[in-house]
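Okay, thanks everyone, I'll keep this short. Let me put the sequence and the structure up on the screen, and then we'll walk through a few spots together.

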Amino acid sequence: MDEATVVSRRGVRLPAFLNRPIPVWQIVLCALLFHGPLLLMRLPADTYDSQFHMSMAATYAHHWFNPWNEQQLGGFSQTTYPPLTHQWIALLSHVVGLTSAFMLVQGTVILLLPLAVYRFSRLWTDARSASYAAFCSVFLGSLCLLVYQDGQIGTTSSSTLFLLALPSMYEYVLKGRRSDLIFGLVLWCTAAAAHHATLIFGTVFFVAPLVWHAFSNYREQNPGRSLLEPIKRLVIAGGAAGLGVALVLLPYISSLRKNPIKQMPIPHQSRANFVLSPFWGVHYWVIPFGVLALTLPYILIKGTQRRFLPLFVGFYFALLFGLGGTTPVPRWILGRAFYVLTFERFTFWAVLLTLPFAGMLISVLLDRYGKKAAVLVSIGLFLTASVAVAWNVLVPIRSSPVDVTQVINFLNSNGRDKYRYFTLGFGREISKIDSYSNAGTVDGEYNSGRTLPEMTQHGAAELTSSKYFGREGIDALSAILRHANHYGIKYIFVRDAYYEPLLTFAGWRRIATLNGGDIQVWTTIGIKPARKIRSPYEPPVWQGILWGTLPFGVSVVAIAMVIFRAMKKNILGATGHQEDLERTEEHIAQPAGVVNRIALITAFPPGRGDLSEYGFQLARVLQESFGLNPVIYADQHSGLNEEQPGYNVIRCWRFNSITSFATLVWKIRREPTDVVWFNIGLSTMANKPGPAMAASAIPWLLRILGCNTHVTLHAFSENVDFQHAGVPFPRLYRWGSRLATRLLLLSNGVHVMLPSYREQIAKIFGSSAQRVFVHPHGIFGYKPDQSRVRVETSPRAILAFGSWGTYKRLEGLIEVFPLVAKYVPNAELWVAGGDHPKARGYLQECASRYREMPRVRFLGYIPEADVARLFGSASIAVMPYNSSAGSSGVVHLACEHEVPIVASDIPDLKELAAFEGLWLEFVAPDDHQTLADRLVRLMTDSRLTDEIRTHNRQAVSKLQLKDIVEAYLHTFVQTARPSQQGDPLPSDVIDNTSKSQIPECG
């Protein structure tokens, strides 16, 4: 059987990808591919409520802390509608404009919905079925109607946020983790700040089943124990949620108490009896459910099982409410609220509760019918969404958009904005006029915001559509016309000849036409400029301050917590009880006993990037000692040198280039790999903030894409003195480097070379340290020259080797060299290596400054083939560092070639010497006299140097790179296997046989 196929539990041969969960990132990508073009076409901009939401956002854009909107309805308080979506639109509108900001917020909600559905479904079923449920959520007919016809961004955003919050609250009730409680509460309050109706009416369909489910699972996991503990947690969670919501929505609660909704009910077809009105049944039930209606028999069967009974009950009641007036149940339970609410939102919630069942059914169908089922399900879902998007075109039930540009220009010119206006026959465009004109109106789409008696005492909605509300609508219009002078109404814009007799009878006359005669402008005499209508419902200043800070602020906290939890737990928004979003205990592919296909990301000779020599040695050892041929994804360089023969090198990324990082990810994903191994330091791939941060995110991104990623981190920024190294804005760099380290810690494993680095990571980054392993640097396996003959008359070379210019400086060493030469006449100072990426031109400057100093030679870059000869010719290696950020490769090269070392007395080098048992002669970084004395002593005391050589030769003999690479390979295999909690195995499980030749591994 082909490796790309598997046999399902029912004996059907399936492609392997149909037998495992769909990665959530792929589902989100599907959502982007389907909905992205529709959003770019701005289809949601011409929906029923979109212009209303944008008009509310326009008020916040200009008056963030003053929610009293004088533009509509003669004045109303926007505290009567939770502000979160409007405030985000307002904020983004300053950058991309009002309409594009609306598209961005709506698009974000659409992309978050699959993740929310996955998390919610995962509480009920396995990861494979949950992923199919999330996939279905991309193509929901109900979602498409709400987005592309109704424009109900409040319902979609709040429902998505509640779905994201519920698993954390469930986990707290079940297990009592405080972190779940805090995270769930923040998301809960954020959802409440997005929409009030979802909070009041929608959550009961989800919360009640989850409470039932949590209590059942608690009893199963803790047999014989009382339910008192989960009940106590439920009370705490409920009380905290109530207090949090009350605080966030305090101005809303205050305005509702002051002005409860008592206006006459307004008819809405979602409350119709769908049996007696089958068209509205198709519109509000068949189209929203689409192909998911075929899952109802399966739901009835599956829902009777004990485990799924709570979910079924929640779905059943949401379904009843979604039928509107078809059954008497909603009217009985809701009472007067039945005539205030619209019921398409209940259908949306019923569809969301359908999805876990739909995911399970799809799994069954795939196991039984294979590819045929996959094709039919995909076609059904796509048709469901397509028909819902096109429904208003196929069966027009709302008017076409009207160009109101000339109306806006008319009102904003010649001082006309001193008066109020309203429109007749404009449909939903009235809010667009409000958003861009300076004049106020007594009309508006927000029925709950109406306070004028002429509007609230009649069962009609907008004046502009008054004829559609029969006598109630005409009575409301007549009352407003009688009181036009009182409200300062001077202009009426008319697109429907139906209203002309009424206007003429009331004493109005036509004065102009707009849009080529499509729009008529009417006015009357004796109208005084509009004055502010005093209202007892205008919120006080303190409510405006709360309204402008708490709802938006809690959303910012939620975003920060999501990012922090994703970094800390190395998952994409999942809670601790879950497996990784792309991993399940049933379907995860277990790694082989060995690692065969290795992708090595490193700078590589003949390129001169940071750590290119170490990358070459890793590749060499993998080939020579283990018979592996890694694919080396190396840095691009400008030289014409030929590639190292015998290595599979793909040069696909460039230093400090963000776009080349995308190319790197794309190329790696094209080939199957067992492990992706990064060999990097602080500035291997970039030294500019943006590209460096992007590079730090690559291991995490590849892990999300399914790769087993490991990072050998040579340098740790916490030990670098940025200020001493000449780095601008050192505090900002410190913060950025910590964020970069957090991103690297999201890989499957980070490998450092000193134990203190792991301890610091544990202290600074917390639980992230469980994926941190300690491996020594190792020696490369050169054969030391056992017959080193020291001829006194030959040059005695002091070798300074490295990347120079930041914390590695040469000035002090060069200035003390004449003191050494005074006592060692044949001494020479050799400076080898290149500039540090952050200090280009440093060596050239030094060479120019000290060109008159005799016996100081600048050798420049040393090719890999010449490194051994260089160290074999040196008498002493010197390391004049001010600070350090890693286990020094120069130390290991010197020890391997039996060259005594004089080094700065800095913590990293001292720890390295203690950790690996090396003998280094230490001097204080700025003590030039002691440095000169130590160099002279080592160059004149052959007995001491022989002792140092012997000691270091014995110490490094246990640090062969092939032994360390073997430990790496073992770690790669171990971390690929999930533990029972779905996390990589901690480093202390590494087999002792892999440690036998090295001081520590893990």
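In the largest cavity, helix 12 provides the largest share of the lining, with three residues. Keep in mind that this is a predicted model. The cavity itself holds about 110 Å³ of space. It has 17 lining residues, and the ones closest to its centre are Ser77, Thr79, Thr80, Ser255 and Tyr537. Which elements give two or more residues to that lining? Those are strand 4, residues 76-77, and helix 12, residues 250-258. If you search the whole structure, you get four cavities of 30 Å³ or more.

Okay, on to the rings. Searching the whole structure turns up 39 aromatic pairs. Here's one to look at: Phe162 and Trp188 have ring centres 4.8 Å apart and planes at 80 degrees, and since anything over 60 counts as edge-to-face, that's what this pair is. Phe162 sits in helix 7, residues 153-175, and Trp188 in helix 8, residues 178-192, so the pair ties together distant parts of the chain, 26 residues apart. Buried or exposed? Both Phe162 and Trp188 are buried.

There's also an aromatic cluster, made up of Phe205, Phe321, Phe338, Phe343, Phe346 and Trp349. While we're on helix 17, which covers residues 344-369, have a look at Thr347 in there. Thr347 comes out at 2% relative accessibility, and the cut-off is under 20%, so we call it buried. And what is Thr347 in contact with, once you skip the neighbours within four places in sequence? You find Ser142, Tyr284, Pro288, Phe289 and Gly322.

The charged end of Arg416 sits over the ring of Phe410, 3.8 Å from the ring centre. Then there's Lys490, with its charged end over the ring of Tyr419, 4.5 Å from the centre.

Last stop, helix 22, residues 470-482. The buried residues in helix 22 are Gly473, Ala476, Leu477, Ser478, Ala479, Ile480 and Leu481. What covers them? The cover includes strand 5 (420-424), helix 21 (453-456), helix 23 (484-487), strand 6 (489-494) and helix 24 (500-505).

Terms used:
Residues numbered from 1 in each chain as written. Predicted model: local features only at pLDDT ≥ 70, side-chain atom pairs only at ≥ 80, totals over all residues. Heavy atoms only, no water. Phe/Tyr/Trp six-rings, centres within 6.5 Å; stacked < 30°, edge-to-face > 60°. Helix = DSSP H or I, 4+ residues; strand = E, 2+ residues; numbered from the N terminus. Buried < 20%, exposed > 50% of the residue type's maximum accessible area, 1.4 Å probe, protein only. Lys NZ or Arg CZ within 6 Å of the ring centre and 35° of its normal. Contact = heavy atoms within 4.5 Å. 1 Å grid on protein atoms, 1.4 Å probe; cavity = no way out; pocket = protein on both sides within 12 Å on 5 of 7 lines; lining within 4 Å. Points joined across faces, edges and corners; volume = space filled by probe spheres on them.
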